[in-house]
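Trainee: Hi! Could you walk me through this one while I have it open on my screen?

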Amino acid sequence: MTQGERRTPARRTVLGAAGATVLGASTALAAGTGTAQAVGQDRTPGRGHGYRSLPVPTVIGHRGASGYRPEHTLGSYRHALDLGAHVVEQDLVPTRDGHLVCRHENDITGTTDVADHPEFASRRTTKTVDGVALTGWFTEDFTLAELKTLRAKERIPGTRQENTLYDGRWTVPTFEEVLRWAEEEGRRRGREIWLHVETKHPSYFRSLGLGLEEPLAKLLRRYGRHRANSPVFLQSFEPSSIQRLAKLVDAPGVVLLSGASSRPWDFVEAGDPRTVADLVTPEGLAWIASYAQGIGPTLDLVIPKDASGRLGTPTTLVRDAHAEGLILHPYTHRNENTFLPADFRKGTDPTAYGDAFGALKRYLETGIDGIFSDNPDTALLAAADLAARD
């Protein structure tokens, strides 16, 4: 069966129901079930059948529902499910005593209240992570017990002022807590809860004796998410991390791809001259397909912007990746003007919502298999619009 043949039935039969459910979300939420439960009862996404059974396009809650709640908190993850996200993302970094916790970066200065804790003032330091000098507080300098005394907060309060309402409500979750949470949510909602798990700065942490892949694989095995049809994706910007994970577990791997001129940090350390531009050629994609099942390119690799920041002509990346059997989960859709292409911004306030649906229409029409979104409800409605036109 071709990639196109796999996509079409899922889009027509699944997303029409998804869009109708999202539109009726207030009724479902009032009943205490949540949008995701109502949707899941109809289409049972991923129930033991692997990632090909997910709706296409798959909507991935980026760091949860980070457009509405402080990122990488149980509150953000739960809200993503309530809004209908098919998959919820976690980024993993380690503590000093080797526990994996969910933070977008190991620098927790902007995502916790660590600066308000005088007992940790001496921990503030400058480090070089993947060639970039950073000053702040870092997870690898805290034990899990110490980290648990902190509270999470909104990372970009200037853009998302309303999210600051939830500052201090949640702690930093461990990945094992998320796995237990996913089991509980799965029982409550009557469906498997899909996770999209990223290893952050794996070469950097391995150099500190805090390798990410082995403890991650151990946890996946403990919770039965290590198989090829398990409801989990494993992702990294470092191809060697996905290669290492592929030797430890059978769960599907996704290689993340940044700007075309950039180089994965493990390539830099290994002296590999290839750039992302080399990896998105047919030859580079064939190499990725030898150990991974998908790619997570920046949206600019799917549709580049011109000098004015407006969307241009789509590249051949979707076609070329599908030819190698790879799925595409590009990142990241956000509703605010500051994050949208210039031709989809409205007004002059960078924090106001622009024409998010217009931008999503352009991206989804390329045939991508999914999209990371800070606003999963918006992405779901855009996907339902696309299904209605098919």
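Trainee: Which residues of H15 meet H16 here?
Mentor: From H15, the residues are Ala356, Phe357, Leu360, Lys361 and Leu364. On the H16 side they meet Thr378, Ala379, Leu381, Ala382, Ala383, Leu386 and Arg389. Keep in mind that this is a predicted model.

Trainee: And at what angle do H15 and H16 pack?
Mentor: About 55°, with the axes 9 Å apart. H15 covers residues 356-364 and H16 covers residues 376-389.

Trainee: I clicked on Asp385. Where is it?
Mentor: Asp385 is in helix H16. Its relative accessible area is 40%, so Asp385 is partly exposed.

Trainee: New topic: rings. How many aromatic pairs are there in the whole structure?
Mentor: A search of the whole structure gives nine. One of them is Tyr77 with Trp181: the ring centres are 6.0 Å apart and the planes are at 45°, so this pair is tilted.

Trainee: Which helices do Tyr77 and Trp181 sit in?
Mentor: Tyr77 is in H4, residues 74-83, and Trp181 is in H6, residues 175-189. The pair links distant parts of the chain, with 104 residues separating the two.

Trainee: What about Tyr204 and Phe205, how are their rings set?
Mentor: Their centres are 5.0 Å apart and their planes are at 70°, so that pair is edge-to-face. Tyr204 is buried with a relative accessible area of 10%, and Phe205 is buried at 0%.

Trainee: Which residues make up an aromatic cluster?
Mentor: Tyr51, Trp194 and Phe233 form one.

Trainee: And where does an arginine lie over a ring face?
Mentor: Arg123 lies over the face of Phe142, 5.1 Å from the ring centre. Arg334 does this with Phe339, at 4.7 Å from the ring centre.

Trainee: Back to H4 and H6. How do they pack?
Mentor: Their angle is about 30° and their axes are 12 Å apart. Because that angle is under 35 degrees, H4 is roughly parallel to H6. H4 passes H6 in a right-handed crossing.

Trainee: Which residues of H4 and H6 meet?
Mentor: In H4 they are Leu74, Tyr77, Arg78, Leu81 and Asp82, and in H6 they are Val178, Trp181, Glu185, Arg188 and Arg189. So you will find the tilted pair, Tyr77 and Trp181, in that list.

Trainee: Let's do the backbone. Which peptide bonds are cis?
Mentor: The bond from Val56 to Pro57 is cis, with omega near 0°. Pro57 lies in the loop between helix H3 (35-43) and strand E1 (58-61). Tyr331 and Thr332 are also joined by a cis peptide bond, with omega about -15°. Thr332 is in the loop between strand E10 (327-328) and H15.

Trainee: Why are those worth a look?
Mentor: Because most peptide bonds are trans, and most residues other than glycine have a negative phi.

Trainee: Which residues other than glycine have a positive phi, then?
Mentor: Asp130 has phi near 50°, and His201 has a positive phi of about 50°. Asp130 is in the loop between strand E4 (125-129) and E5. His201 lies in the loop between strand E6 (194-199) and helix H7 (202-207), and His201 is buried with a relative accessible area of 14%.

Trainee: Last one: where is Thr139, and what is it in contact with?
Mentor: Thr139 is in the loop between strand E5 (132-136) and helix H5 (144-147). Thr139 counts as buried, at 0% relative accessibility. Leaving aside neighbours within four places in sequence, its contacts are Val93, Pro94, Thr95, Arg96, Val101, Arg103, Asn106 and Ile108.

Technical notes:
Residues are numbered from 1 along each chain as its sequence is written. This is a predicted model: local features need pLDDT of at least 70, side-chain atom pairs count only at pLDDT 80 or more; totals for chains, interfaces and linings use all residues. Side-chain values use heavy atoms; hydrogens and water are left out. Rings of Phe, Tyr and Trp (its six-membered ring) pair if their centres lie within 6.5 Å; planes under 30 degrees apart count as stacked, over 60 as edge-to-face and the rest as tilted. Helices (H or I, at least four residues) and strands (E, at least two) are DSSP runs, numbered from the N terminus. Buried means under 20% relative accessible area, exposed over 50%, partly exposed in between (1.4 Å probe, protein chains only). A charge sits over a ring if NZ of Lys or CZ of Arg is within 6 Å of the ring centre and within 35 degrees of the ring normal. Axes are lines fitted to C-alpha atoms, for helices over the stretch in contact, and angles run from 0 to 180 degrees between N-to-C directions. Angles under 35 degrees count as roughly parallel, over 145 as roughly antiparallel, 65 to 115 as roughly perpendicular and the rest as oblique. A crossing is left-handed if the near helix is turned anticlockwise from the far one by less than a right angle, and right-handed if clockwise. Contact means heavy atoms within 4.5 Å.
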